[in-house]
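Here are a few exercises to work through with the model open beside you. Try each task first, then follow the solution step by step.

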Amino acid sequence: MKPPLSSSPFSSSILRKLRLSTFLILILLSFIFLVTILYSEEFSCIFSQQQNAISRNIKKNKENLPFAIGETKEGCNVFNGRWVWDEKRPLYEESECPYIQPQLTCQQHGRPDKDYQHWRWQPHGCSLPSFNATLMLETLRGKKMLFVGDSLNRGQFVSMVCLVHRIIPEEAKSMKTVGSFDAFTIKDYNATIEFYWAPFLLESNSDNPAKHRIEERAVRKGSINTHGKNWIGADIIVFNTYLWWRSGTRFNIVQGSFDDEVKDIVEVSTEEAYGMAMKSMLGWIKKNMDPKKTRVFFTSMSPSHEKSLEWGGEPDKNCYNETKVIEDPNYWGSGSRKSIMQVIGEEFGKSKVPISLLNITQLSSYRKDAHTTIYKKQWHKLTPQQLANPFSYADCVHWCLPGLQDTWNELLFTKLFYP
């Protein structure tokens with residue numbers, strides 16, 4: 001008589017293997033589930049830790065922090081909140097600010113609604129202080145505020161100029177563009193608010209402020225001083241860089257010079273290249289900015305809204321004709337790469353350089369209504385096909401002024417004076 005199958009050494013081995021396989025599958029599934037949860041919360045955790053580290057450093061050095069006159073309510077993260085309708089907005093009228101570039105004057109170019117101008121950012125647990133143009137100008141007396149980065153940072157620069165210019169007499173202010181610089185001069189205060197075009201911060205093949213549409217973008221390793229020598233002397237600097245890194249998953253690094261006849265180019269991941277730029281920026285700040293006299297800020301990535309399916313819209317559409325904010329607090333669009341945000345969090349977290357993060361990404365991601373879309377100066381004649389389909393040429397990257405970027409400057413004002 002044959003023994004029961006279960007008592008066979010061979011059968012027992014099979015059963016043990018089956019039990020082991022089931023156990024391993026359960027572990028694998030649990031791991032996948034855990035990774036999914038962690039990834040979905042990765043951004044908020046990284047930046048929460050980074051913001052907490054900055055807050056601790058600020059509290060430690062609060063009495064000596066340049067320009068600070070108070071502090072934000074204990075435990076309030078001004079970047080977490082919601083958009084509320086406010087009839088008192090906007091903070092200025094488009095027609096009142098002659099410095100807004102035609103790429104951002106949505107009303108002048110026919111936008112039929114003004115709803116996008118009336119939203120105010122309301123943090124959970126506290127409120128932002130009102131923007132005080134007089135305080136800002138008095139603080140800038142004899143000083144220079146400098147915005148460094150791409151066209152989105154130029155938009156924040158213009159917003160800042162619009163927020164302060166109304167209280168300055170006409171004959172006491174001027175705007176001038178020379179090369180990579182736009183400079184707004186306030187004569188009675190011996191002060192300037194400036195913008196410097198450096199879309200990658202490092203030297204790149206896109207550094208010409210007028211002709212920079214390059215398909216194969218590249219930056220030069222170790223080249224921060226190419227632009228950085230022009231930033232020395234600024235008392236407050238606001239950096240940004242992201243938009244121009246979105247060309248793909250790989251990026252070209254020039255090892256030698258752009259003038260070399262045969263260039264030594266190495267291709268790395270975009271995250272590695274971006275991390276190199278962050279390290280270079282932080283190194284430049286450490287070497288050139290006196291933490292006892294100056295302040296440095298970094299504006300996180302500005303989101304785009306190019307796929308309406310992501311917020312429950314129709315296929316093949318985008319931000320064109322959108323007039324409502326996104327109310328889902330967990331919304332995150334594909335235009336904002338979490339891997340890049342992770343690089344920022346990691347590099348800032350490791351560094352002891354005093355830099356304040358303006359974490360505008362999540363709060364701006366709710367604002368699919370605030371882009372310029374088709375209501376802007378078009379630099380090229382539109383084709384009949386484009387005119388027939390506005391979605392095909394709508395700009396879902398840049399923002400109308402007045403609008404969202406005024407909130408970025410309210411947050412900058414808050415972190416500058418009430419850290």
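A disulfide here is a pair of cysteine sulfur atoms within 2.5 Å. The model is predicted, so local features need pLDDT of at least 70, side-chain atom pairs count only at pLDDT 80 or more, and totals for chains, interfaces and linings use all residues. Residues are numbered from 1 along each chain as its sequence is written, and side-chain values use heavy atoms, with hydrogens and water left out.

**Exercise 1. Disulfides**

Task: Work out how many disulfides the structure holds, and find the handedness of the link between Cys319 and Cys396.

Solution. 

Step 1. Start with the count: there are four disulfides.

Step 2. Go to Cys319 and Cys396, whose sulfur atoms lie 2.1 Å apart. The torsion about their S-S bond is about -95°, so this disulfide is left-handed.

Step 3. Helices (H or I, at least four residues) and strands (E, at least two) are DSSP runs, numbered from the N terminus. Cys319 is in the loop between strand S11 (295-299) and helix H6 (338-350), while Cys396 is in strand S14, 77 residues apart.

Step 4. Check the surroundings. Buried means under 20% relative accessible area, exposed over 50%, and partly exposed in between (1.4 Å probe, protein chains only). Both Cys319 and Cys396 are buried.

Step 5. Now do Cys106 and Cys400, with an S to S distance of 2.0 Å. Their link is left-handed, at -95° about the S-S bond. The bond ties the loop between S1 and S2, where Cys106 sits, to the loop between S14 and helix H9 (404-417), where Cys400 sits, 294 residues apart. Cys106 is buried because its relative accessible area is 0%, and Cys400 counts as buried at 1%.

Step 6. Take Cys76 and Cys126 next: S to S is 1.9 Å, and -55° about the S-S bond makes the link left-handed. Cys76 is in the loop between helix H1 (9-60) and S1, and Cys126 is in the loop between S2 and helix H2 (133-139), 50 residues apart. At 14% relative accessibility Cys76 counts as buried, and so does Cys126 at 12%.

Step 7. Write down the pattern. With the bonded cysteines numbered in sequence order, the pairing reads 1-4, 2-5, 3-8, 6-7.

**Exercise 2. Aromatic pairs**

Task: Are the rings of Phe200 and Trp245 stacked or edge-to-face?

Solution. 

Step 1. Set the rule: rings of Phe, Tyr and Trp (its six-membered ring) pair if their centres lie within 6.5 Å; planes under 30 degrees apart count as stacked, over 60 as edge-to-face and the rest as tilted. By this rule there are 21 aromatic pairs.

Step 2. Tyr99 is in the loop between strand S1 (81-85) and strand S2 (119-123), and Phe184 is in strand S5 (residues 181-186), 85 residues apart. Tyr99 is buried at 15% relative accessibility, and Phe184 is buried at 0%.

Step 3. Apply the rule to Phe200 and Trp245: the centres are 5.0 Å apart and the planes are at 85°, so the pair is edge-to-face. Phe200 lies in the loop between strand S6 (191-197) and strand S7 (218-220), Trp245 in the loop between strand S8 (236-239) and strand S9 (250-254), 45 residues apart.

Step 4. Zoom out. Phe200 and Trp245 belong to one aromatic cluster with Trp197, Trp244, Phe251 and Tyr274.

**Exercise 3. Charges over rings**

Task: Which ring does the charged end of Arg367 sit over?

Solution. 

Step 1. The test is that NZ of Lys or CZ of Arg is within 6 Å of the ring centre and within 35 degrees of the ring normal.

Step 2. The charged end of Arg367 sits over the ring of Trp83, 4.6 Å from its centre.

Step 3. Look at Lys338 as well: its charged end sits over the ring of Trp332, 5.5 Å from the centre.
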